[in-house]
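The following exercises concern the reading of a protein model. Please examine the sequence and the coordinates before turning to the solutions.

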Amino acid sequence: MNDAHDEPGAPQPPTPARARSRGPEVPAARRTAAQVTHRTAEAGDVGRLAATVERLRQEALDAQWAADGRALIEMAKGIFVGRLGCGPAEASRQLTKLAEQSGVTVLALAVDVINQAARDHVSEIAEQFLRSAGGEPCDPDEPAPAVRLRAAESRALAATDSQAVATALLENALGPLGACGVAIWLVGADSSLTLVGQAGFTEEEAGRWRYVPPEVATCARLALHSRELAVVPGLSDAGIPTIGRRQHPDGGRIMVPAGTGGRIHGVLEVGWPGRLAPQPPQILRQLEAMAELCAHTLGDQSADVPPPTAQASHLAGVAELTDLTDHLHDPVLILTPHLDPGGRLSDFRIHHTNSRFVDPAGRPRSLVTGAHFLEAYPAAAETGGLFSKLERVYATGEPCRAPRTTLTAYVDEVPLTSVADVSISRHGSALVLIWKVEDETARLASLLQHAQRLGRVGGFEENVRTGAITWNGQLFSLFGLPATAAPVPLEELADHAHPHDVNSIGRFLRTLLHRLRESSVDFRLRRPDGITRHIRIVAEPVLDEQGRLHSVRGACQDVSAQHWTEVALAATRDQLASSEAESADRTRLALQLQQAIMPPAPAAMEVPGIRIAVRYRPAESQSLVGGDWYDAVVLPDKKILISVGDVAGHGIQAATGMVVLRNALRGLAVTGAGPAQLLSWLNTVTYHLTSHLTATAVCGIYDPDTRFLRWARAGHLPPVLVRGTQARAFPLASGTLLGALPDVTYAEEEVQLERKDILLMYTDGLVERRDASVTDSLAQLLAVAARPAVSLEKCLDNLLTYSTSDTDDDTCLIGVRVH
C-alpha cells in the first residue's frame, strides 16, 4: 500500500486550516494553549525558551495525532481494497471522492467506514452520539467522539505497555472530555491492585500508589467490588483514598472494570479536576470502550492469567494445584472457566475432584469430574446462588466464604438438598471450591444437648438385669451430684424424695416395672446440698423379643419454676376473682344509680310554649357506665332550665359526680341567676367539693313569654338550632370545662327563637368518631337534623339511628320544639 503522503486526502502538515479540512483535527484546547504560550514568549529569553519548548511539544503532539489519523485512513483504504477489489490508489481516490461529496474530512469518513465494517463497541457509541445530535455532524473544530476513540484505539493497540496506553487514552480521548488524569490498575490473584500505567499524575504521586494491598478501600476497588462502572462525584464527600487526591482534593472519578472472558484483569480510573456532574450515557459508553482497550493489554501483562485463546494450553498449570488438593481432608473441586464463542464466561468445567469429595446426590467422582458445573448442579444458577459467588471470585480474585450454603442436585428429577460451609478462592485461572457438608447426626446431637440444657432435662437408661445405669451430664446436675458419683437406681429414688411423695413414687414404679406401661410422676427431690427441687420423671419400659422387661429409659425435668409459677398464678387467680367481683358490684351500683336518675326514654314534657323530649342511650358495655346527664325543669319564675353535661371517666365515681353536678345546678337555678353565673358557681362546686372531677356542660334558660334563650357553655359542644329545612350550630362561645380552674368567668349568649324551631342539646357520645374530626362529625349531625320529621320524638330517634359515633360512649339528647 502506498504511503499516505503521496496520495490525495492524506494528512498534511499540522496547520490549523488543513487539520480541519483534510487531516486529523487538532483539538481547540491544544491551539489555545499554544497561543497563550506564544503571547507570553515576549517576556524575555526565558519566555522565548519556554515558547520554543511548547512549540516543539505541540509539533510532537500534532505529529502523533497525524500519525494516528494516517493509520485510520490506511485501515479504511484496506477495507475498500477488500470490498471493492481495487488497488490502493483507487481505494484512496474513492475515499477522497466520498469525503468531498459528504462534506466531511477524509479522517472522519475513514472512521465511519471502519465503524460500518467493525460493528463493535465503538460503532455503537458513534451511533448513539449521532442519534443524540439528531443526525447532525459534530463541531468541525473538534474531533468527533468516534474519531477520538478510533485514534485512541489505534495508539493503544500499537502501545507496548499500559503506560503508553494511559498516555494515549488521556491525549486522544479523555483530555477533550475534561479529564485530567488516567490510572490503569492491574488486579492480582489475591485481589491486590498494581498501578501499571498512569497519565496526568506526578511521578511522586504514582510512586506512592504503585501497589495497593488486598481489602484496602480505594476508588478502583469500588468498581472491582461491584463489577460495573462506578462514579464518585467528589472525593471530599466520599472520603475514599486514591491516586491524585492531593492534586485535586474535590475532583470527580469514574472507575470502569477492564476484563475479558468474565475475568476482570484491571480497572480503568479516570479523574476530573473538579466535582463531576452527571454524565450522559454516551460518555459512559465511551469509557467502557476504553476499558475494553485496556483489558487486552492487561490480559497480556497478567502473569497468572493467560489470554482466552491459550486456555487449553494453560490447563497444565493446574497440575500442581491438583496434587495439592488431593492431600486436603475437605472435599475439593477444581474449576476452570468455560468461555462461549464470543469470549464471555458461560460456565465452569469441573476439572478435578479430590478423594474426599462428597456429592450431595451421592454420585461417584467419575460422574462429576469433567462435567460443566451448571450441568451437574443446575440449582446453583438461582439468583444469589453458588454460581454467582463463583463468578464474583473469578472476576475479582476476592476469596469468598459462605457458611450454610444450600447445595441441590437432581437425581431422576428429584431434588436432593444438603447444607454445606463453602469456601472459594482463585489460583491463576482456576477456582478452588471447598465444601464441607454438615454432619446431620452431629448437628442434631448438638441441638439435643442445648435443648436439654435450656429445658433442664436429663436422660437416663437402667438395665434391670445387669443393674448398669447410664446418666447424661445434665441429670447429675439436676440431682446435685458430681459427674464422678454413682447414679441413683430407680428402686432407691424414694430415699431422695420428700416423705410426702414416697407413695406417688411407689405407684410410678409399680406401673413401670410390674405393669410394664409408660408412667410419670412429680415429686420433691431433696438434694445433698439441702436444696429441694420439683422434679418430673417420664419413663418407659424396654422389652426383649419374649416380651420381658429388659431395661428402663426416661427423662427427668426440673419443673421448679413451673411449680412456683402455678402457685403464683393460682394466688393471682383468686385475687383477680375477688377484684372482678368487687368491680362487678361497683359497676352494678353505678348502673342502678344512673338508671334511677336517667331513664333512657322519659315521657315528653309539655310546658307553656314549648314541648321537651329526651333520649338517653347508655354505653354498649356495662363496664363503661359514664357520667352523661341531662335536666329540664320549670323554675319558680316560670322560666325553664335546660341543661346537658358529661363528667369525665366511667364507673361509680363518674356516676356519683354526675348526680352531684346535676342536683347542684338544679338547686342553683332557683336563685334566678343567668346561665353564665350558674356555670361559674357549678365550676366552684366541681373544683372544691368533688374528688378531682372535671366535666363539660351547656346550660340554657328559656323565657316562654319572650321566646328568648340565654345560654352558656363550659367546654361543651354548642346547641343546634333547626329552623325549617336548615340546621346550624350556635357560635362557639368561650368557656373552660368545669373543675379545671378555681375561678372562671363564662360568656353568655342570647338567641331569639321562633315558632316551630327545634333546639337540640347533646353530649359528645352522639358525634365522636375515632377516624374523623369533630368538625366533620358535627356536619353529619346537622345534615341528619335538617331532615323533615313528623314529630319532635321522631327527630330525636333519627339522630340516634343515623349517628356516626363509634366510641361506645353514653349519649344524652334533649329536643325543644317552640309552639
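The model is predicted.

**Exercise 1. State how many helices and strands the protein has, and what share of its residues is buried.**

Solution. The secondary structure comprises 25 helices and 27 strands. Of the 819 residues in the protein, 45% are buried. Among contacts with a separation of 6 or more, residues 24 or more positions apart account for 60%.

**Exercise 2. Compare the end-to-end distance of helix α8 with that of a straight helix, and list which of its residues are buried.**

Solution. Step one is the length: α8 spans residues 162-174 and has 13 residues. The buried residues of α8 are Ser162, Val165, Ala166, Ala168, Leu169, Leu170, Asn172, Ala173 and Leu174.

**Exercise 3. Classify the ring pair of phenylalanine 348 and tyrosine 394, and locate both residues in the chain.**

Solution. The structure holds nine aromatic pairs. In the pair of phenylalanine 348 and tyrosine 394, the centres are 5.7 Å apart and the planes stand at 80°. An angle over 60 degrees counts as edge-to-face, and this pair is accordingly edge-to-face. Phenylalanine 348 belongs to strand β8 (residues 345-353), whereas tyrosine 394 belongs to helix α17 (residues 386-396). The two residues are 46 residues apart, and the pair links distant parts of the chain. Both phenylalanine 348 and tyrosine 394 are buried.

**Exercise 4. Explain why the pair of phenylalanine 373 and tyrosine 377 is tilted.**

Solution. The ring centres of phenylalanine 373 and tyrosine 377 are 5.4 Å apart, with the planes at 50°. Planes under 30 degrees apart count as stacked and those over 60 as edge-to-face, so the rest are tilted. The pair is therefore tilted, its angle being 50°. Phenylalanine 373 is buried, with a relative accessible area of 0%. Tyrosine 377 has 3% relative accessibility and counts as buried, because buried means under 20%.

**Exercise 5. Identify which residues form a cluster through ring pairs, and which charged ends sit over the rings of tyrosine 377 and tyrosine 802.**

Solution. Ring pairs join Phe357, Phe373, Tyr377 and Trp435 into a cluster. Over the ring of tyrosine 377 sits the charged end of arginine 363, 5.3 Å from the ring centre. For tyrosine 802, the charged end is that of arginine 787, 4.7 Å from the ring centre.

Terms used: Residues numbered from 1 in each chain as written. Predicted model: local features only at pLDDT ≥ 70, side-chain atom pairs only at ≥ 80, totals over all residues. Heavy atoms only, no water. Helix = DSSP H or I, 4+ residues; strand = E, 2+ residues; numbered from the N terminus. Expected span 1.5 Å × (residues − 1). Buried < 20%, exposed > 50% of the residue type's maximum accessible area, 1.4 Å probe, protein only. Phe/Tyr/Trp six-rings, centres within 6.5 Å; stacked < 30°, edge-to-face > 60°. Lys NZ or Arg CZ within 6 Å of the ring centre and 35° of its normal. Contact = heavy atoms within 4.5 Å.
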